[in-house]
Amino acid sequence: MKKISRRGRVLTIAATAAVLGAGTFGAVSATAGTPDAAAKAAVTADAGNKNLTQSTHLTVAAATKAAEATLDAAKKENQRVSVAVVDRNGNTVVSLRGDGAGPQSPESAVKKAYTAVSWNAPTSELAKRLEQTPNLKDIPGTLFLAGGAPVTAKGAPVAGIGVAGAPSGDLDEKFAKAGVAALGR
């Protein structure tokens, strides 16, 4: 191994100290400006700011309660279904595949829930609209079959519950409505 000269060691130590010093100075400088920037952001992002909007979403606990109530209602009638609860934006919050439910049912449940919350109407009603507007079925992520029910708060949709797997869409929708009703208890 080659030995480093005394001059080389001094230069190496000096360079290392300079790098560490610059890094420390940069970190201190970056954090020094943070409280001020955060304070300004907090002032401009208040509830009265006309650039902001608020929305209501179900908690995970509430969505789980609704999904479990849905599966319980189906189980009482010996039906094997899947249930999905989506938020106002159509994002899946909870998805449960019941024992013995078909492999297609989880995806169908999500699409029915998404469709119900998107139009704030039960999917059985929306399926009837296809007669006048058949291209509705072409909207990505939707499924215009009975089995989806919206969840509303103050008249506005906040979630959707979709059920799939029963022999008829009417049964699917009955179970979805049982999940909606569970949220009122």
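Trainee: Is S108 buried or exposed?

Mentor: In this predicted model, S108 lies in helix α3, which covers residues 105–119. Leaving aside residues up to four places away in sequence, S108 touches L143 and A164. Its relative accessibility is 18%, and since buried means under 20%, S108 counts as buried.

Trainee: How many of the nine residues of strand β4 are buried?

Mentor: Strand β4 spans residues 156–164 and is joined to strand β1 (residues 82–87) by six bridges, the two running antiparallel; V85, for instance, stands opposite I161 of β4. Six bridges also join β4 to strand β3 (residues 148–153), again in an antiparallel arrangement. Strand β4 is mostly covered, and the number of its residues that are buried is eight.

Trainee: Which residue of β4 is the bridge partner of G148?

Mentor: Strands β3 and β4 form a hairpin with two residues between the strands, where K154 takes a positive phi near 55 degrees. Across the antiparallel pairing of β3 with β4, the bridge partner of G148 is G162.

Trainee: How are helices α2 and α5 oriented to each other?

Mentor: Helix α2 (residues 60–76) and helix α5 (residues 169–183) pack with their axes 7 Å apart, at an angle of about 135 degrees. The contact includes A66 and A69 of α2 and F175 and G179 of α5, and by class it has ten nonpolar, two polar and one charged residues. The crossing is right-handed, and because an angle over 145 degrees would be needed for roughly antiparallel, α2 and α5 are oblique.

Notes:
Residues numbered from 1 in each chain as written. Predicted model: local features only at pLDDT ≥ 70, side-chain atom pairs only at ≥ 80, totals over all residues. Heavy atoms only, no water. Helix = DSSP H or I, 4+ residues; strand = E, 2+ residues; numbered from the N terminus. Buried < 20%, exposed > 50% of the residue type's maximum accessible area, 1.4 Å probe, protein only. Contact = heavy atoms within 4.5 Å. Pairing = 2+ DSSP bridges. Axes fitted to C-alpha atoms, helices over the stretch in contact; angles between N-to-C directions. Parallel < 35°, antiparallel > 145°, perpendicular 65-115°, else oblique. Left-handed = near helix turned anticlockwise from the far one by under 90°. Nonpolar A, V, L, I, M, F, W, Y, C, P; charged D, E, K, R; others polar.
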